[in-house]
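I opened this one up to see how the pieces sit against each other. My notes follow in the order I looked things up.

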Amino acid sequence: MGDYTSSELVSIFAMQGFAGISLFSVLLLMALGLAIIFGQMGVINMAHGEFMAVGAYTTYFMSSLTETYFPSFMPYYFIFAIVVAFFVAGILGYLAEFVLIRHLYKRPLDTLLATWGLSLIMQQSFRTLFGAREVSPTLPDWLLGSYQPTETIDIPLNGMFVLALTAVVTLGVFYLLYKSSWGLRVRATTQNRVMSGAVGINTKKVDRYTFALGCGIAGIAGAAFTTIASTGPTTGTLYIVDTFMVVVFGGAASLIGTIVSAFSIAQAQSILEFFISGSMAKVYTLFALVLILMFKPEGLFASKVRR
Amino acid sequence: MKYSGFSKRHNELRRHILKGFMALPAAIFLSTSCIAATPPTSEISTTGLAVTDDTVTVGILHSLTGTMAISETGAQEAEKLAIKQINDMGGILGRKIEVIQEDGASDWPTFAEKSRKLLVQDKVAAVFGAWTSASRKAVLPVFEKENGLLYYPTFYEGLEQSKNVIYTGQEATQQILDGLNWVAKEKKAKTFYLIGSDYIWPRTSMKIARKHIEKVLGGKVVGEEYKPLGDTQFGSVINKIRLKKPDVIYAAVVGGSNVAWFKQLKAAGITSKKQTLLTISVTEDEVLGIGGENLEGFYSIMKYFQSQDNENNKKFVAAFKEMWGDDSVIGDVTQAAYLGPWLWKAAVERAGSFDVDKVVAESEKGDIELTTAPEGYVKLHKNHHLWSKARVGQWKKDGQATVVYTSELIEPDPFPAGYQ
């Protein structure tokens with residue numbers, strides 16, 4: 001590496017650091033919704049990826065709509081689309097809970113199967129509605145290109161956007177779960193469902209809204225990822241493995257665990273990827289994960305709830 | 001209830017036998033009461049293919065779902081267009097072509113399973129399909145064992161020639177070598193960074209490219225990188241490329257990953273103003289998903305671009321848009337897929353038979369030509385590949401390319417000496 005000036009190397013390391021943080025924010029945003037549902041309700045939502053796709057398709061739909069009818073609104077529609085994606089995915093999640101999941105709470109393995117079936121139904125619906133081709137929404141100009149603090153550093157704007165969005169969503173989830181009275185009810189239900197019911201908490205309602213919130217956050221994640229990649233009917237399946245990896249590694253019932261786990265997986269992967277090839281980086285990351293889970297099967301942050 | 005499984009199977013078996021008996025007199029009746037104008041079925045099909053007195057059945061096998069759907073949709077649309085046009089002209093040997101379509105679902109074992117279904121169960125006379133090399137390698141043993149006939153449309157790495165496959169795309173020397181020669185000459189490129197998706201085509205292509213760069217062009221490969229199929233995170237790779245400062249990024253990223261790759265390149269500030277990029281995996285089809293603004297100024301090496309200005313192509317583009325909508329675009333493989341049914345028609349008519357062995361024997365004579373091909377004149381070589389020209393296109397914001405270089409007609413050479 002003789003022909004590099006030290007400032008160039010510094011820039012590369014700065015950009016590589018940001019690549020790691022950017023991957024961290026992507027993984028965290030993917031996993032948050034699943035962690036809430038899995039952690040608070042014990043439901044393994046195999047359709048999580050498809051709820052992300054719902055968010056992504058909503059963004060695509062909003063983009064086409066804006067382009068056709070309100071072209072002057074193009075620079076701003078994306079923020080609006082994220083909010084809509086949250087509500088569309090949330091409402092679908094609410095319905096899914098009402099129609100399907102609530103009948104299966106006592107049978108956790110069946111929820112696995114049922115949500116997997118749901119994911120297949122959703123994939124086919126995307127294919128019917130939007131076609132098999134992958135689509136991309138037209139992004140506003142402020143999301144394209146890079147920010148250049150110095151001559152040699154390029155920080156991707158879409159990466160910064162996803163990072164900021166992840167921060168907002170994570171803080172929002174923390175506020176909801178640990179500061180609001182609704183969060184208190186959710187946590188009470190998680191700890192002791194019968195007792196919570198006895199003191200007058202409508203646990204069924206809590207379940208429904210928790211599920212809807214988890215799916216809504218998946219929708220936000222999906223909307224955000226349209227800035228990075230394209231959306232197709234089976235896009236969800238690309239993300240679901242990484243998502244589960246983050247949640248399981250972090251420890252099922254812990255939001256802090258999810259954050260720490262997303263951070264360590266992202267850093268491990270992006271640093272390894274810088275020095276060895278992409279495929280092998282993934283292999284080593286997964287290998288390390290398996291090793292750690294062998295010694296800590298509960299994940300990094302085991303839940304302290306007595307069962 | 002205990003024996004219900006058995007009796008059900010028994011019933012099915014009985015029904016199967018009954019159906020067989022019922023079909024027998026019908027078959028005899030049909031084959032004897034044939035119309036004189038078209039050759040009788042017994043003459044043109046002796047191996048039990050799905051040929052009747054007025055139809056012949058073929059298979060189409062592409063991914064309609066999964067990460068490859070973005071690329072393969074166009075190919076199957078083109079094949080259907082060609083089949084429709086052939087049917088409108090009266091079909092082949094007096095038979096209309098009927099299509100059975102199967103979905104390979106971007107999954108290689110599924111491709112093998114579906115091709116077995118098409119050949120064994122449906123007895124199709126030919127299959128138009130497969131896209132990635134991995135899917136072709138998966139179906140190849142099936143076609144060889146069942147003696148089927150596959151028209152494979154994609155540009156690919158070469159190093160293969162099967163009796164049961166006609167390759168309508170270009171092999172490596174018709175694409176990779178000319179592209180590298182062009183970029184070395186025009187852009188004075190000396191250092192190359194190779195990046196591809198992690199499966200057989202990019203890996204073999206890069207192996208050939210590396211040999212050519214190092215041995216023939218006297219250049220240097222400063223990095224070689226593969227990403228898992230469907231991966232969407234390119235941040236670290238892009239930084240590695242920045243560190244190496246190559247003259248040319250030589251890319252073979254496919255499918256959905258392609259979109260992420262170009263979006264992130266643009267977001268990282270690597271544009272055609274600062275960096276020459278030559279790719280062997282982007283056609284108009286992919287640009288639709290990637291977005292022209294993310295590709296503007298980068299180069300692709302292909303044998304066909306939709307913007308090509310000739311009469312054949314104008315007719316083809318118009319017919320394609322009429323059938324599949326004004327928004328549809330046509331990429332290199334889509335055009336190559338369109339050639340499949342026409343080449344098959346030519347060979348069948350010469351052989352006067354749908355039998356695979358006879359059709360292959362005609363194809364192997366090396367003088368079947370298509371003067372109506374949208375890419376221009378093509379001719380089928382003895383080695384099952386097409387003579388074709390290589391073209392370099394520079395992408396514009398609107399998703400179309402300007403052709404900046406066209407080669408001479410290149411002889412296909414699937415086993416180039418010194419590259420294996």
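Predicted model: local features only at pLDDT ≥ 70, side-chain atom pairs only at ≥ 80, totals over all residues.

**Entry 1: H3 and H11 in chain B.** I looked up the axes of H3(B) and helix H11 (residues 311-324) of chain B, and they come within 10 Å and cross at roughly 105 degrees. By the cut-off, H3(B) and H11(B) are therefore roughly perpendicular to each other. Next I listed who touches whom. H3(B) brings Glu77(B), Ala78(B) and Leu81(B), and these meet Ala319(B), Phe320(B), Met323(B) and Trp324(B) of H11(B). I sorted this contact by class and got six nonpolar residues, one charged and no polar.

**Entry 2: H12 and H13 in chain B.** Further along chain B I checked helix H12 (residues 332-351) against helix H13 (residues 356-363); their axes come within 8 Å and the crossing is roughly 105 degrees. That makes H12(B) roughly perpendicular to H13(B). From H12(B) I noted Ala347(B), Val348(B), Arg350(B) and Ala351(B). On the H13(B) side, the contact is made by Lys358(B), Val359(B), Ala361(B), Glu362(B) and Ser363(B). The class count for this contact is five nonpolar, one polar and three charged.

**Entry 3: domains of chain B.** How is chain B divided? I found domain 1 at 48-170 + 309-384 and domain 2 at 173-302 + 393-410. Their centres, taken over C-alpha atoms, are separated by 28 Å. Domain 1 of chain B puts 21 residues into the contact, and domain 2 of chain B puts in 22. I then asked which elements give two or more residues to the domain 1 side, and they are helix H3 (69-88), helix H5 (133-146) and H12 of chain B. So much for H3(B) and H12(B) from the entries above: both turn up here again. That side of domain 1 has nine nonpolar, nine polar and three charged residues.

**Entry 4: H2 and H4 in chain A.** Gly49(A), Glu50(A), Ala53(A) and Tyr57(A) of H2(A) meet Ser119(A), Met122(A), Gln123(A), Phe126(A) and Phe130(A) of H4(A). I count this contact as five nonpolar, three polar and one charged.

**Entry 5: the UniProt record for chain A.** The unreviewed UniProt entry places "transmembrane region" features on chain A, among them 155-178 and 274-295. I checked both spans in the model. Residues 155-178 of chain A are 92% helix and 8% strand, with end C-alpha atoms 34 Å apart. Residues 274-295 of chain A are 91% helix and 0% strand, and there the end C-alpha atoms are 28 Å apart.

**Entry 6: chain A against chain B.** Last, I looked at where the chains meet: 35 residues of chain A are in contact with 33 residues of chain B. On the chain A side, helix H1 (6-41), helix H5 (157-178), helix H10 (255-275) and helix H11 (278-295) each supply at least two residues. Which helix gives the most? I have H1(A) down for that, with six residues. By class, the chain A side divides into 14 nonpolar, 15 polar and six charged.

Terms used. Residues numbered from 1 in each chain as written. Chains lettered and ligands numbered in written order. Contact = placed C-beta atoms within 7 Å. Helix = DSSP H or I, 4+ residues; strand = E, 2+ residues; numbered from the N terminus. Nonpolar A, V, L, I, M, F, W, Y, C, P; charged D, E, K, R; others polar. UniProt positions renumbered as here; feature names shortened; annotations may be inferred. Axes fitted to C-alpha atoms, helices over the stretch in contact; angles between N-to-C directions. Parallel < 35°, antiparallel > 145°, perpendicular 65-115°, else oblique. Domains from an automatic or database assignment.
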